[in-house]
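Open the model in your viewer and keep the selection panel at hand.

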Amino acid sequence: MPPKKNAKKTPSLKTKQKALLKTSRPVVSKKVVSTTKIKDEDKESHKNTPYATLRGMKDVFGKEGRMFQRVYRVSESVARAYGFSYVETPIVEQTSLFVRSIGKGTDVVDKEMYTFDDKDGSKVCLRPEGTAPIARMYINQGMHTMPQPVKMWSWGSMFRHDRPQAGRYRMFHQFSCETLGEHSPVVDAELISVAYNTLRDLGIEASVRINSIGTPEDRENYLVELVGYLKSKRSYLSEESKKRLQKNPLRILDSKDEQDRAVIEDAPQIVDWLSEPSKKFFMSVLEYLDEVEIPYVLTPTLVRGLDYYTDTVFEFVEEGVPETQQGSLGGGGRYNGLVAQLGGQSTPAAGFSLGVERILLALKRKEEEARKNGTFVDTAEKQQVFFAQLGEQARKRALLLIERLRRAGIVVSHNLAKSSIKAQLELAHKVGATYTLILGQKEVQDGTIITRNMESGIQEIVDQKKIETVVKKLLGI
Ligand code: AMP
């Protein structure tokens, strides 16, 4: 039987669902969480003042966010090219892991650790550095059974309760590479090479400062001599160094205090106390560096702060920036005793870490310089294609087309919430788009789309089905 004229059609499922959506009451979750306690606490501590980041911590966004990601990408590509595989360790570890490895008498352990009692009463802390956790992981995960050496790279946040200043934060990030299970000078040279080339790829000229602090026995013998000398000059030392004379005399050599300079310059040098194997090892590291043409500065006063270093120690300093202005971009060294010290079997190892925030500072300094000299080239990633839509139907189709373009490897920027074409074209100019794709009501119906050259204003109508090929051709990719 033919349907009666004007008879009401049975509403489709879609229409029914839409009607339901219009009339139904908002869904209320059955699980009601009391907010009274949270509110009270909130009132107590903040009294309507806006929240600020904690001292020494910062938000990363905008241009800095883009720089941060660039540093990550370059670090990743260099580390991977040299055969390091990515690892991550937890941010929270047992406090004793760091006390045992870094050692008492160091600033990090004595003053800077974010230690707290966990709910079960155990002492835990936010990691102040990444090497001890890597050594712990090597032991825990039985990595000695893997083909040696095990080469790992990592990226993450570190926490030190230090006095904040430019380039010195309480939460900062490090890019690090570690090679465990091989005692060979070429390993040290490779690590230095990875760090140096990462900085170079980022456009930062760094110089490598290098020294050897020998075996623990070499150091013990040297310390007798050093302490004797420093005691004889005690009255010339800064207050801080006087304190260090008791706790960690080696660190005095690291002092940046002007008052200590003259004393340090005449101090006995550790290289004169190296055993034959350590001396030979060090010479070999230097020969490898010569071979790969990495310039270095022999620095007899470089000892690095942490207890676990043996033999080679090195540091990367930004060319032309005094250390007092946080010119130290990173550092590292060999730590042959660490794995055994943490309960594993004796395992030779070496590594480095670069401070990401210091790299960002260096990059900003370079940018400022280039702007002054008029040589600045904006390397910010430009979104070359902008997608503009007009009308409800176009907005719906837009997501589909954007996804098709993404799958073809074309990134398009857009703001689908905007409805005025003028506003969208302005946005396209702002992001530096060379082309804008315009989809209106008519184009949706015709199955077409408009391409607009943002410089000349010339527009062309193209078939939606060919959008990927057309855009690729326009961009020359
Ligand atoms: P360290 O683990 O002390 O050898 O430090 C390695 C690198 O991390 C340093 O050379 C700095 O680039 C960076 N770094 C260390 N402490 C801080 C800090 N408090 N804030 C920012 N970067 C830091």
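Start by selecting Phe68 and Trp155: both are buried. Bear in mind that this is a predicted model.

**The ring pairs**

Now colour by element. Phe68 belongs to helix H3 (residues 62-81), while Trp155 sits in strand E5.

Next, select Phe175 and Phe352. Phe175 is buried, and Phe352 is buried as well. Their ring centres lie 5.6 Å apart with planes at 75°, so they too count as edge-to-face. Strand E6 holds Phe175 and strand E11 holds Phe352, so the contact ties together parts 177 residues apart in sequence.

The structure has 10 aromatic pairs in total.

**The sheet**

Switch to cartoon view. Eight strands make an open sheet, ordered E1-E5-E6-E11-E10-E9-E7-E8, with mixed pairing. Go to the edges: strand E1 (85-86) and strand E8 (296-298) each have a single partner strand, so one side of each has no neighbour in the sheet.

Now select strand E6, residues 171-180.

Look at the partners of E6. Pick out Lys151 with its bridge partner Thr179 in E6. Then find Met158, whose bridge partner in E6 is Phe172. Strand E11 (residues 349-355) is joined to E6 by seven bridges, again antiparallel. There, Phe175 has Leu354 as its bridge partner.

The charged end of Lys151 sits over the Phe84 ring, 4.9 Å from the ring centre.

**The cores**

Which residues touch the most other members of the largest nonpolar core? Select Met152, Leu180 and Leu253; the core has 42 residues. Elements giving two or more residues to this core include helix H4 (95-102), helix H5 (107-112), strand E5 (150-159), helix H8 (216-232) and helix H10 (258-265). Helix H6 (131-140) is also on that list, and H6 gives the most, with five residues.

Colour by domain next. Domain 1 (62-214 + 274-368) and domain 2 (218-265) both supply residues to this core, so the core lies between them.

Zoom in on Leu180. Leaving aside residues up to four places away in sequence, Leu180 touches Ile134, Ala135, Tyr138, Gln148, Pro149, Val150, Met152, Tyr335, Val339, Thr347, Pro348 and Ala349.

For the last stop, select Val187, Leu199, Phe282 and Phe352. These are among the 41 residues of another core, which lies apart from the largest one.

Methods. Residues numbered from 1 in each chain as written. Predicted model: local features only at pLDDT ≥ 70, side-chain atom pairs only at ≥ 80, totals over all residues. Heavy atoms only, no water. Core = buried A, V, L, I, M, F, W, Y, C linked by side-chain atoms within 4.5 Å. Buried < 20%, exposed > 50% of the residue type's maximum accessible area, 1.4 Å probe, protein only. Helix = DSSP H or I, 4+ residues; strand = E, 2+ residues; numbered from the N terminus. Domains from an automatic or database assignment. Contact = heavy atoms within 4.5 Å. Pairing = 2+ DSSP bridges. Phe/Tyr/Trp six-rings, centres within 6.5 Å; stacked < 30°, edge-to-face > 60°. Lys NZ or Arg CZ within 6 Å of the ring centre and 35° of its normal.
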